[in-house]
Amino acid sequence: QVQLVESGGGLVQPGGSLRLSCAATRSIFSIDTMGWYRQAPGEQREFVAAITNGGDTVYAHSVKGRFTISRDDAKNTVDLQMNKLKPEDTAVYYCTSDNNKYWGQGTQVTVSS
């Protein structure tokens, strides 16, 4: 029903910032919850952040206070602003929708000095 495409990943130094964007091929107005997950090499995919249609947000403890998730239903996008990045944040970041029914292909984030 929907395809998701992530962008904005790259290489950044510790303490730096990146903004990831997820573009949906269909309207996300009717989608209750959109979210971001990440997966580091050799690790399981883990929850990062989610946002509801009403604007409520929830974050993993490891990113709380550093990351901010937002959505623009008019533009069919979901963003993840990442600040104060740490090497532990290095992973492929995935956008998800419809209770994890749909996933993007991911965008690589590497935090290294």
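This is a predicted model: local features need pLDDT of at least 70, side-chain atom pairs count only at pLDDT 80 or more; totals for chains, interfaces and linings use all residues.
Local features require pLDDT of at least 70 and side-chain atom pairs count only at pLDDT 80 or more, whereas totals for chains, interfaces and linings use all residues. Residues are numbered from 1 along each chain as its sequence is written, and side-chain values use heavy atoms, without hydrogens and water.

Four strands make up an open, antiparallel sheet in the order β1-β3-β8-β7. Strands are DSSP runs (E, at least two residues), numbered from the N terminus. They pair if DSSP finds at least two bridges between them. β1 (4-7) and β7 each have a single partner strand, so one side of each edge strand lacks a neighbour in the sheet. On average, neighbouring strands here are turned by 15° against each other, direction ignored; the axes are lines fitted to C-alpha atoms. β1 runs antiparallel to β3 (residues 18-24), with four bridges between them. Glu-6 has Cys-22 in β3 as its bridge partner.

Asn-76 sits in the loop between β7 (67-72) and β8 (77-82). Its relative accessibility is 18%, so Asn-76 counts as buried (under 20% relative accessible area, 1.4 Å probe, protein chains only).

Strand β4 (residues 33-39) has five of its seven residues buried. It pairs antiparallel with β5 (residues 46-52) over six bridges. Gly-35 stands opposite Ala-50 in β5. Six residues separate β4 and β5 in a hairpin, and Gly-42 in the turn has a positive phi of about 75°. β4 also pairs antiparallel with β9 (residues 91-97), over six bridges. There, Gln-39 is bridged to Val-92 in β9.

Terms used: Buried means under 20% relative accessible area, exposed over 50%, partly exposed in between (1.4 Å probe, protein chains only). Axes are lines fitted to C-alpha atoms, for helices over the stretch in contact, and angles run from 0 to 180 degrees between N-to-C directions.
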